[in-house]
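Dear colleague,

I am passing on the structure we talked about, so that you can look through it yourself. My notes on it come after the display.

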Amino acid sequence: MASSPCAPHIVLFPFMSKGHTIPILHLARLLLHRNATVTIFTTPANHPFISASLANTNASIIDLPFPENIDELPTGVESTDKLPSMSLFVPFANATKHIQPDLEKALEALSNVTCLISDGFLIWTLESATKFGIPRLASYGWSYYSMCVCREVGVNRLLSGPESDDEILTVPSFPWIKLRRNDFDEPFNVREPKGPHIDFVMEQSIATAKSYGIIMNSFEELESKFIDYWNNKCEPKAWTVGPLCLAEQPSNKLQPYQNPKWMHWLDKKLAQGSPVLYVAFGSQAEISPKQLREIAIGLEESKVSFLWVVRKSGSELADGFEERVKERGIVVREWVDQRAILGHECVKGFLSHCGWNSVMESICAKVPILAWPMMAEQHLNARMVVEEIKVELRVETSNGSVRGFVKWQGLKKMVRELMEGEMGKGVRKKVGEFGEAARKAMEEGGSSWHTLNQLIDELQALRD
Ligand code: UDP
């Protein structure tokens with residue numbers, strides 16, 4: 001759709017990982033549908049993914065080079081494409097500051113920028129936007145639950161107290177929530193956090209609070225209590241505009257070249273009347289070879305049909321596993337269209353790491369989750385969806401702690417419960433209700449639809 005001369009011009013700048021880029025691309029589509037002019041800043045290595053995702057749209061993409069061989073990162077790290085690993089998160093995020101001079105040149109060259117929406121991790125973009133008098137909004141790929149709980153924990157210094165990792169912590173503003181230190185990842189999971197990671201988090205919080213607003217990929221009907229808390233106690237103003245994955249329906253009319261063998265396999269399972277469990281742990285999780293083999297045994301013993309995305313090529317699952325399960329299981333070692341898989345009629349369960357995008361995509365597809373959180377804020381997401389909105393069951397670890405090795409017996413039990421048991425029926429019903437509410441929030445007249453319109457109007461008024 002062509003933009004009008006007075007259309008707002010919104011510049012988007014995602015962080016260099018798929019989980020942070022994908023929701024921003026959905027946001028780009030929503031803004032384009034509302035006649036905004038959209039420019040995306042990225043690094044050259046991310047360009048192909050972004051341009052393929054936004055093919056046939058009017059979005060412009062501007063490359064900002066990410067210098068090689070910078071001091072913050074070990075030599076040999078391919079730094080422009082994506083976050084190399086979670087262990088390099090802080091140096092990588094700090095190194096993005098090298099892009100600042102080029103970002104400022106690009107902002108100077110663009111005329112009439114209405115606002116910059118940049119990832120919360122790109123702290124320094126606030127300074128650049130301010131220099132040019134452009135409002136900056138920070139985009140966050142977190143649930144409100146995780147944002148609010150982390151704030152409460154920080155303000156009340158809750159984690160400096162408990163001796164043991166599994167001692168229960170009560171969160172003052174949400175007394176019904178029972179957390180453990182183990183629900184937090186670095187840098188919060190130590191008694192007195194110090195060092196580069198906590199410094200980064202503090203700097204990020206300050207820059208976010210000074211920004212014009214934050215963009216949240218959630219919807220009011222899902223997290224109203226936490227949205228109220230944020231609006232009453234936190235800064236800056238939050239704009240709840242999700243689930244962003246509903247900006248575009250997953251295509252059910254894929255071209256032959258986009259229709260990989262696993263989609264045909266799902267069609268076959270549908271024809272056989274076999275419900276399928278989708279197994280995937282996002283783009284960052286690192287799973288030990290021992291745990292991968294245990295998952296293989298659990299899936300084999302569960303006797304359910306499954307499609308399992310294994311991100312590390314060459315991972316040994318178990319001797320002869322793929323051959324033995326070939327009638328009812330498929331292992332995929334490539335990037336898949338997760339939304340298309342979740343939207344397939346035969347997919348009836350999702351064994352997931354609870355990355356927030358995966359949670360949202362599963363809710364929107366009305367597929368219940370078996371939660372297996374691994375790192376970052378995934379443990380908090382898992383608590384939220386298991387205990388608050390009850391659209392998930394959870395895997396059992398062998399030591400009973402929220403972290404720990406998952407044995408095949410426990411996995412088999414919970415997979416069968418999700419796919420066939422009474423608890424599975426309960427979460428399936430609930431996820432259907434929230435999936436419906438998500439659709440309504442995003443359609444014309446819905447809560448997220450209104451909020452995005454209000455944001456655009458407000459930004460437009462600032463410019464006029
Ligand atoms: N994804 C995908 N294909 C893959 C792996 C991941 O489409 O093979 C997408 C998935 O649909 C989601 C994102 O990548 O949109 C992963 O984000 P999430 O927050 O779930 O997890 P992260 O990768 O950030 O841990």
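Below are the points I noted, beginning with a helix and the core and ending with a lysine.

Please keep in mind that this is a predicted model. Helix α1 covers residues 18–33, and its 16 residues reach 23 Å from the first C-alpha to the last, which is close to the 22 Å expected at 1.5 Å a residue. The helix is mostly covered, with 12 of its 16 residues buried; among them are His20, Pro23, His26 and Ala28, together with Leu30, Leu31 and Leu32. After α1 comes Asn35, which has a positive phi, near 70 degrees.

The largest nonpolar core contains 129 residues, and those with the most contacts inside it are Leu12, Ala28, Tyr278 and Leu370. Helix α1 gives the largest share of this core, namely eight residues. Because domain 1 (9–247 + 443–463) and domain 2 (256–439) both contribute residues to this core, it lies between them. Leaving aside residues up to four places away in sequence, Tyr278 touches Leu307, Ile341, Leu342, Val347 and Phe350.

Turning to the lysine, Lys412 is found in helix α15, which spans residues 408–420. Although Lys412 and Gly298 are 114 residues apart in sequence, their C-alpha atoms are 4.8 Å apart in space. Again not counting residues up to four places away in sequence, Lys412 touches Gly298, Glu301 and Ser302.

With best regards

Terms used. Residues numbered from 1 in each chain as written. Predicted model: local features only at pLDDT ≥ 70, side-chain atom pairs only at ≥ 80, totals over all residues. Helix = DSSP H or I, 4+ residues; strand = E, 2+ residues; numbered from the N terminus. Contact = placed C-beta atoms within 7 Å. Expected span 1.5 Å × (residues − 1). Buried ≥ 20, exposed ≤ 12 C-beta atoms within 10 Å, placed from the backbone. Core = buried A, V, L, I, M, F, W, Y, C linked by C-beta atoms within 7 Å. Domains from an automatic or database assignment.
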